[in-house]
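Please look over the sequence and the model shown below.

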Amino acid sequence: MKASPIIEMANIDKYFAGNPVLKAVDFQVLPGEIHALMGENGAGKSTLVKILTGIYRRDQGVIKWKNKEVVFKNPKQAEQNGIIVIHQELNIIPHLTVSQNLFLGKDITYGKTGILNKKEMHQRTKRRLYELGVTNIHPNDIAGNLSIGKQQLVEIARALAANAEMIIMDEPTAALTEREIERLFHVIQKLKNQGVSIIYISHRMEEIFDICDRITVLRDGQTIGTKLIADTSFTDIVRMMVGRELGDRFPERVNVPGKVIFEVENISKEDLFENISFSVRKGEILGIAGLMGAGRSEVMEAIFGFSNKDHGAIRINGKLVTIKHPRDAIEAGIGFITEDRKSKGLIMHAPIRENIASANLKAISTYGVIVNSKETLLIEALINRLQIRAISSEQEAKSLSGGNQQKVVLAKWLGINPKILILDEPTRGVDIGAKKEIYKIINELTKSGVAIIMISSELPEILGMSDRIMVMHEGKIATFLDRQEANQERIMAAATGGVRHDSTY
Amino acid sequence: MTQLTRFSLAKIGPLLGLVVITFILGILSDNFFTLDNILNLLRQVSVNALIAFGMTFVILTAGIDLSVGSILALGSALTAGLLTSGMDPLLAVCMGLVIGLILGAVNGIIITKGKVAPFIATLATMTIYRGATLVFTDGKPITGLSDSFLFEMIGKGYVFGIPFPAIVMVIMFFLLYFILQQTVFGRQVYAVGGNEEASTLSGIKADRVKIWVYSLTGMLSVLAGIIITSRLNSAQPTAGSMYELDAIAAVVIGGTSLAGGRGRITGTLIGALIIGVIDNGLNLLHVSSFYQQIVKGVVILLAVLLDRKSP
Ligand SMILES: Nc1ncnc2c1ncn2[C@@H]1O[C@H](COP(=O)(O)OP(=O)(O)OP(=O)(O)O)[C@@H](O)[C@H]1O
Ligand SMILES: [Mg+2]
């Protein structure tokens, strides 16, 4: 017998500024199933979820929750009915503690006195985190000081604390490491066994096959189909998503790196990283692997002059360079695509144009005056080169789909024509087709001699793209691996502290 | 409603408000639409508008400057001091503007290098600068400044029948509009207010941008002060007190977000005109200044509430 769906969305239309974003979308989830929702960047996944939970109004269509027609006015109402969303863009309040975030709006008090029962909340926070298998987050930690990965876990803990019947996870693993993902999957299985339904949005194919029961694919705002995971395959799903064959996941790399262009010598910063030395050749991709919190981003921020380092030197083409501010780094030819695009990569309410221009002000001006024609030319060229999907270059960054936001950040940095490009999780939240586009762009850059440093928590990406891999563990270099000798096990062993390799390249 | 029409509504909202208020007051008072009154009004508005222009830059960087009134007073007093000591008027005025620049830069440096919140920093300097003014003037007005044509021109003069301060206001408006919309510095102001971390990572020296913004505001405040000083031919130690409120009000009515990164100087000009029209119109109608304050407050609230409706 077929169970009736717990949520049923039929014939949903949605327009933004007159542009159709969802066209007659049908979507159903059964009780207790893990349902994957997939599609390219901008296909409308997040929009569909936001309509379901009342953040956006639908322009047409019917939503049924447990066979009853509903229209939630706001996420709070959806939450009261048992639907919780963990959004793609995190909703942590940065200056509150973990425990305060967890009980936001649901504070536990002593009876009806209104006096907060901090002890109880503290205890429960600890328990929730423990259930998630998280022991390195303290309830009194300030949420904003945690890594994005940890913040993500706090959000998940918050959803669990609300006893939801349906949890929607919009790219929950984008910022998590393999180990944290495993933990999360455990929790998801547990929830499923308790009868909770889960809508799972992700661009990572492996995950879909690991945990999902069924999959619905959206393309350009339309439902392409719903299938049992067991009846489908990787290529099937890709074909549904992009409407054509995509071929190999990673473009072929046949590059021969040139001479050393970038050298980092013994840089250290107390409590964060120690004696980091590495070099990159022209046209080479140096992958940087490690667990969340291994200090990879911190090293890059220090190199780029965004934070200071205690000591150490940086050389470009053998010449010592002093970098005290990102401006110095940019002038030396370094670009840096940060991992957290919301807080460090984009001005969310500014248009695409201004975002791209912000790192290219010199190029589009003469004597400090912006030359509109130069600006338009640069922006159009970059939007085309990266195939950014937007209504126009005046569209606000925050209204772009996650993947397109990432492309805007990329565009901003390609504009400066960097000699050395640091990429921190460059394909986080990017769909499989766009990922390949980004890989192709990275490959093209290396062909023209750009040295690439790429931090990634996705091992397939590290393995598929890097010429050489540096693995970090707790702020130190654990080992260097060549493309030929690298594999998943070796990287994980080094990242978890298995191997130490003290010589430097 | 589509994003496009909403956008333009937010943009013309203040202008619509100005037109409506002007017409209401025009109907209620016979003297409102006389040439004399309009010119008078423009001159009155110019002082607040100049300060508010600077305040727009500050607020765009997500800051605030409470010390503008005190800078106005101190700058005016020092300029008056230079004039009475016999300095060439043109040179004295230039010195006054430089003093404004420096007083503003001090604000900027405290805020960026000292990492003090703009509200607190300028609250402190507001008191300090006012105190310094009282010390310098001994609490008494400085009078008998200069009878040079040039100095008198600034506050009292007319060019082709238009009050000189109004002309200064218009010139500064176009100049600052250009800086904000069309220069690298303008872009940096918006970027820093929109997201300071992202801007810094894009190579923008946020601290430097902020120091310049406060310096500019200091200079514009003294410019406004010199207009008043010239008009009265004396520098008052209490000049400019509470002017920060009208300036902030003009910026807010003009639709600039206190969170930074969003807003336009055109809005500020309209905001300053709205405040000026209300002051002037209610005066003509002999409404007590007590009620005037209530009306102004209501207008500020309405502006902000309407602005919220059209994000
Ligand atoms: N508030 C908005 N205003 C205008 N357009 C919007 C708005 N929100 C979303 N869009 C547009 O709607 C389309 C669908 O966006 P949505 O965020 O739903 O995509 P998505 O499938 O979640 O993509 P991703 O995988 O990149 O997160 C995009 O083209 C986006 O630019
Ligand atoms: Mg999305």
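**Ligand 1 and its surroundings**

A polar side-chain atom of A:N41 is placed 2.6 Å from an oxygen atom of ligand 1. This distance, like the others in the text, is taken from a predicted model. Backbone atoms take part in the contacts as well. For A:G42, a backbone N or O atom lies 2.8 Å from an oxygen atom of the ligand, and a polar backbone atom of A:G403 is 2.9 Å from an oxygen atom of ligand 1. Ligand 1 on its own exposes 640 Å², and 88% of that area is buried by the protein.

Which elements give two or more residues to the shell around ligand 1? They are α1 (45-52) and α14 (402-414), both of chain A. The largest share belongs to α1(A), with 3 residues. In total there are 20 residues around the ligand, and those that come nearest are A:N41, A:K45, A:S46, A:T47 and A:H203. By residue class, the shell is made up of 12 polar, 5 nonpolar and 3 charged residues.

Chain A is split into domain 1 (7-242), domain 2 (259-333 + 418-435 + 450-505) and domain 3 (342-417). Ligand 1 lies between domain 1 and domain 3 of chain A, because both of these domains give residues to the shell around it.

Domain 3 of chain A also meets domain 2 of chain A. The C-alpha centres of these two domains are 26 Å apart. Their contact involves 14 residues of domain 2 and 11 residues of domain 3. The size of an interface is often given as the accessible area lost when the parts come together. For domain 2 and domain 3 of chain A this area is about 890 Å², with 67% of it on carbon and sulfur atoms. On the domain 2 side, A:I330, A:P418 and A:L421 lose the most area to domain 3, and together they account for 43% of what that side buries.

What remains is the contact between the chains. Chain A brings 34 residues to this contact and chain B brings 23. Between them, chain A and chain B bury about 2,300 Å², of which 58% is on carbon and sulfur atoms. Within the area that chain A buries against chain B, A:R327, A:H349 and A:L361 supply 23%, more than any other three residues.

Note on methods: Residues are numbered from 1 along each chain as its sequence is written. Chains are lettered from A and ligands numbered from 1 in the order in which they are written. This is a predicted model: local features need pLDDT of at least 70, side-chain atom pairs count only at pLDDT 80 or more; totals for chains, interfaces and linings use all residues. Side-chain values use heavy atoms; hydrogens and water are left out. A residue is near a molecule or strand if one of its heavy atoms lies within 4 Å of it. A polar contact is a pair of N or O atoms within 3.5 Å; within protein, one must be able to donate a hydrogen and the other to accept it, and residues adjacent in sequence count only if both atoms are side-chain atoms. Accessible areas come from the Shrake-Rupley method with a 1.4 Å probe; for residues, only the protein chains shown count as cover. Helices (H or I, at least four residues) and strands (E, at least two) are DSSP runs, numbered from the N terminus. Ala, Val, Leu, Ile, Met, Phe, Trp, Tyr, Cys and Pro count as nonpolar, Asp, Glu, Lys and Arg as charged, and the others, Gly among them, as polar. Domain bounds come from an automatic or database domain assignment. Contact means heavy atoms within 4.5 Å. Buried area is the accessible area (1.4 Å probe) that two parts lose on being put together, summed over both.
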